[in-house]
Amino acid sequence: MIEAHGKNLVNRTCTPQEREERLKAACQMPVLDLTSSEVSDIYMIGTGAYSPLKGFMDSADYQGVVEGMCLKNGVLWPIPVTLAVTEEEANNIKPEDEIALRDPASGELVATITVSDLYRYDKEKEALATFGTLDTAHPGVKKLFEQKAFYVGGEICQLADDTKAFPFPEYAGPAKVRQEIAERGWKTVAAFQTRNPIHRSHEYLTKIAMEVCDGVLIHPVVGKLKEGDIPADVRLACYRALLQDYYPAERTLLRVYPMEMRYAGPKEALLHAIVRQNFGCTHIIIGRDHAGVGKYYGPFDAQNIFDNLSESDLLIKPLKFDWTFWCKRCGGMASTKTCPHSAEDHVAISGTKLRAMLAEGKRIPEEFTRPEVAEILAAYYLQL
């Protein structure tokens with residue numbers, strides 16, 4: 001099976017017995033409250049989804065990522081993974097301290113960190129490096145500019161049970177998914193990243209991938225999304241309905257993971273690829289405007305960034321797809337590479353357009369999405 005990024009799959013979780021002992025110790029430690037994205041990152045680090053990271057970045061790793069998209073050991077990494085604290089909190093922290101990390105939403109101690117570093121950072125520099133903009137209308141930039149002024153680096157130990165934090169039957173960490181891929185005998189696996197219900201364009205892309213790979217991992221995020229995005233439980237109902245009637249079970253695996261979106265476009269596409277390599281995938285589907293938001297990125301920037309990598313940077317490979325649409329004259333899904341007809345014959349499909357139609361109470365045509373999915377989404381929007 002494909003190696004994890006950086007060669008070895010990290011595990012910073014506890015056994016049930018270890019968890020009980022470490023929780024007792026953590027109750028005696030100083031406590032820092034986390035943001036939702038920091039909580040999400042703890043689960044991504046702890047389970048190995050962010051391999052080779054073992055904790056939040058120290059200043060050397062952080063500077064390497066911001067300035068050259070690599071960790072201090074030279075391994076590719078596109079986006080900072082950090083723990084922010086106030087100046088007052090920073091004044092009470094020193095290297096080698098052990099600190100408990102708490103999710104204020106639940107009141108639960110989710111991890112401990114052994115401090116290796118404490119440093120001030122430049123928010124504008126990080127915003128430009130990660131998002132390519134300083135515009136606070138970008139949700140990632142807005143969140144960054146609202147952060148505390150210092151970062152704490154250090155290895156973590158995950159205390160909370162991620163399977164209880166994300167109580168979906170489809171939830172599984174990288175080690176479990178790798179085991180499932182091995183049991184199915186798949187040698188090549190294409191990952192499909194999504195934060196939206198799967199519409200006809202997505203279905204088309206995943207089925208093309210299924211033609212060239214042994215299996216497809218449908219892998220939606222269940223971390224916190226931006227306002228207006230569809231909740232995880234509603235999206236999961238859509239995925240289940242679609243897979244039940246329109247996908248071969250022996251070639252498809254639906255699993256969810258806890259990452260919180262940054263909406264960083266091309267840089268986030270690289271992060272999604274790294275994560276999927278850690279989950280055992282050999283390929284990742286990169287379509288139009290992958291991980292984008294608004295008009296901050298070109299429609300194919302997330303594909304082009306892979307062209308700037310060396311062969312040794314990533315083992316997982318992108319499957320790049322062009323604009324896709326329903327063509328009335330072709331009588332089915334097509335792309336600009338396969339369809340000879342004009343734009344007047346094309347029904348453009350996007351998650352944004354689908355959400356707008358649902359919000360306005362319009363009937364969703366079958367050219368946009370399967371009727372089973374449209375029914376679930378219409379019921380959800382009626383409750384809003």
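Hi everyone, let's start with helix H8, residues 174–184, where Pro174, Val177, Arg178, Glu180 and Ile181 are buried. Buried here means under 20% relative accessible area, exposed means over 50%, and partly exposed is in between, with a 1.4 Å probe and protein chains only. Looking down the axis of H8, the buried residues fall within an arc of 160°, so they line one face of the helix. That arc is taken over the directions from the helix axis to the C-beta atoms. As a reminder, an α-helix has 3.6 residues a turn, so residues three or four places apart point the same way.

Before I go on, a word on what we're looking at. This is a predicted model, in which local features need pLDDT of at least 70 and side-chain atom pairs count only at pLDDT 80 or more, while totals for chains, interfaces and linings use all residues. Residues are numbered from 1 along each chain as its sequence is written, and side-chain values use heavy atoms, with hydrogens and water left out. Helices (H or I, at least four residues) and strands (E, at least two) are DSSP runs, numbered from the N terminus.

Back to H8. What do its buried residues pack against? Their partners are strand E7 (189–194), strand E8 (215–220), strand E9 (252–254) and helix H11 (266–278). Contact, throughout this talk, means heavy atoms within 4.5 Å. After H8 comes Gly185, with a positive phi near 75°.

Now for two helix pairs. Helix H10 (residues 232–246) packs on helix H14 (residues 371–382) at an angle of about 165°, and their axes are 9 Å apart. That makes H10 roughly antiparallel to H14. For those who like the conventions: axes are lines fitted to C-alpha atoms, for helices over the stretch in contact, and angles run from 0 to 180 degrees between N-to-C directions. Angles under 35 degrees count as roughly parallel, over 145 as roughly antiparallel, 65 to 115 as roughly perpendicular, and the rest as oblique.

The crossing of H10 and H14 is right-handed. A crossing gets that label if the near helix is turned clockwise from the far one by less than a right angle, and left-handed if anticlockwise. On the H10 side, the contact is made by Val234, Ala237, Cys238, Ala241, Leu242, Asp245 and Tyr246, and on the H14 side by Pro371, Glu372, Val373, Ile376, Leu377 and Tyr380. By class, that contact of H10 with H14 has eleven nonpolar, no polar and two charged residues. The classes are simple: Ala, Val, Leu, Ile, Met, Phe, Trp, Tyr, Cys and Pro count as nonpolar, Asp, Glu, Lys and Arg as charged, and the others, Gly among them, as polar.

The second pair is helix H3 (residues 59–68) with helix H5 (residues 123–131), whose axes come within 8 Å and cross at roughly 55°. H3 and H5 are therefore oblique to each other, and H3 passes H5 in a left-handed crossing. Here Tyr62, Gln63, Val66 and Glu67 in H3 meet Lys125, Glu126 and Ala129 in H5. The residues of this contact of H3 with H5 divide into three nonpolar, one polar and three charged.

On to some backbone details. Most residues other than glycine have a negative phi, and most peptide bonds are trans. In our model, Ser51 and Pro52 are joined by a cis peptide bond, with omega about 15°. Pro52 sits in the loop between helix H2 (36–46) and strand E2 (55–56). Glu96 has a positive phi, near 80°, and belongs to the loop between helix H4 (87–91) and strand E4 (98–103). Is Glu96 buried or exposed? At 63% relative accessibility, Glu96 counts as exposed. Asp289 also has a positive phi, near 55°, in the loop between strand E10 (283–286) and helix H12 (301–304). With a relative accessible area of 26%, Asp289 is partly exposed.

Last stop: two buried loop residues. Val256 is in the loop between E9 and H11, and is buried, with a relative accessible area of 0%. Leaving aside neighbours within four places in sequence, Val256 contacts Phe168, Glu170, Tyr171, Ala172, His219, Pro220, Val222 and Leu236. Cys213 lies in the loop between helix H9 (200–212) and E8, and counts as buried at 5% relative accessibility. Not counting residues up to four places away in sequence, Cys213 touches Thr188, Val189, Ala190, Arg251 and His283.
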